Amino acid sequence: MPDNLAEAQTSQDYFISVTAKDNKDIQDVTITYTIANKTVSDQQMTQNTYNGNYDYRIPQDHLLATVPNFTFTVTATDVSGLKTITKISTITINDNLKITTISPSPDTSTDCKTLPIGVTFINGGASPKITYTLKNNGEEIITDKEIPVRSAGIALDELGPLPVGNYTATVKIVRSEDGTTMSREWHFTVTE
């Protein structure tokens with residue numbers, strides 16, 4: 001087992017990779033994990049042809065914002081049937097809503113009049129509501145317009161055509177499950 005296991009993020013797959021070696025040969029490696037009151041037992045781990053480790057993906061729909069952590073053990077069985085079980089590992093599930101990127105890029109200038117406004121984020125939940133407000137030279141021109149979620153963690157809308165000016169954009173994400181809110185404000189310029 002690796003010494004330091006990364007935190008899991010809600011609504012994102014979690015990958016576990018372990019090393020298993022035996023002087024004869026390994027028959028199989030399985031994982032059992034418990035999230036909340038649900039235990040998923042003896043799931044086959046797949047050997048990675050690149051590094052020889054055994055890998056498993058816990059699906060994102062198992063990692064919910066309402067659960068603070070999960071536990072797992074890995075069992076390796078050699079060809080003679082001898083089993084070795086790891087100690088129980090506990091992984092924290094981080095449910096902090098976080099904006100990772102925004103566009104147009106902050107503090108940039110462009111002569112493009114039609115721009116995408118977008119945000120990438122993590123831990124937004126199953127159906128987050130994402131809106132934006134846009135000001136040109138201090139005057140609000142768009143108020144709380146919803147940005148469509150294109151895929152998990154990505155929301156994108158088209159701005160434009162935009163007149164020349166100094167813009168302030170504010171994006172707000174609300175997680176539907178618990179009302180957690182995150183917002184980000186930034187500036188960009190549209191030139192001739």
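D157 is buried, with a relative accessibility of 12%, where buried denotes under 20% relative accessible area, exposed over 50%, and partly exposed the range in between (1.4 Å probe, protein chains only). This is a predicted model, in which local features need pLDDT of at least 70 and side-chain atom pairs count only at pLDDT 80 or more, while totals for chains, interfaces and linings use all residues. Residues are numbered from 1 along each chain as its sequence is written, and side-chain values use heavy atoms, with hydrogens and water left out.

**Surroundings of D157**

- D157 belongs to strand β16 (residues 154–159); strands (E, at least two residues) are DSSP runs numbered from the N terminus.
- K145 and D157 form a salt bridge whose closest N and O atoms are 3.1 Å apart; the term denotes a side-chain nitrogen of Lys or Arg within 4 Å of a carboxyl oxygen of Asp or Glu.
- This pair links distant parts of the chain, with K145 in strand β14 and D157 in strand β16, 12 residues apart.
- K145 is partly exposed, at 37% relative accessibility.
- Beyond its neighbours within four places in sequence, D157 is in contact (heavy atoms within 4.5 Å) with L115, P116, I117, Y132, K145, E146, I147, P148 and R150.

**Other salt bridges**

- The whole structure contains four salt bridges.
- One of them joins the side chains of R57 and D13 at 3.4 Å, N to O.
- R57 lies in strand β6 and D13 in the loop between β1 (8–9) and β2, so this pair links parts of the chain 44 residues apart.
- R57 is partly exposed at 40% relative accessibility, and D13 is also partly exposed, at 31%.
- A salt bridge between the side chains of R175 and D95 spans 3.9 Å, N to O.
- R175 sits in the loop between β17 (165–174) and β18 (181–190), and D95 in the loop between β9 (89–94) and β10, so the pair ties together parts that are 80 residues apart in sequence.
- R175 is buried, with a relative accessible area of 3%, whereas D95 is partly exposed at 25%.

**Sheets**

- Five strands make up an open sheet with mixed pairing, in the order β11-β18-β17-β13-β14; two strands pair if DSSP finds at least two bridges between them.
- Its edges are β11 (108–110) and β14 (139–146), each with a single partner strand, so one side of each has no neighbour in the sheet.
- Within this sheet, β13 (residues 129–136) pairs with β14 in the antiparallel sense over five bridges, and T131 stands opposite E146 in β14.
- A further open sheet has three strands in the order β2-β6-β5, with antiparallel pairing.
- Here β2 (14–18) and β5 (46–47) are the edge strands, each having a single partner strand, so one side of each is left without a neighbour in the sheet.
- Five bridges connect β2 to the antiparallel strand β6 (residues 54–58), and V18 stands opposite Y54 in β6.

**Backbone geometry**

- The peptide bond from S103 to P104 is cis, with omega near 5°; P104 is in the loop between β10 (98–103) and β11.
- N123, a residue other than glycine, has a positive phi near 60° and lies in the loop between β12 (115–122) and β13.
- N123 counts as buried at 2% relative accessibility.
- D144, in strand β14, has a positive phi near 50° and is likewise a residue other than glycine.
- D144 counts as exposed at 52% relative accessibility.

Technical notes
Helix = DSSP H or I, 4+ residues; strand = E, 2+ residues; numbered from the N terminus.
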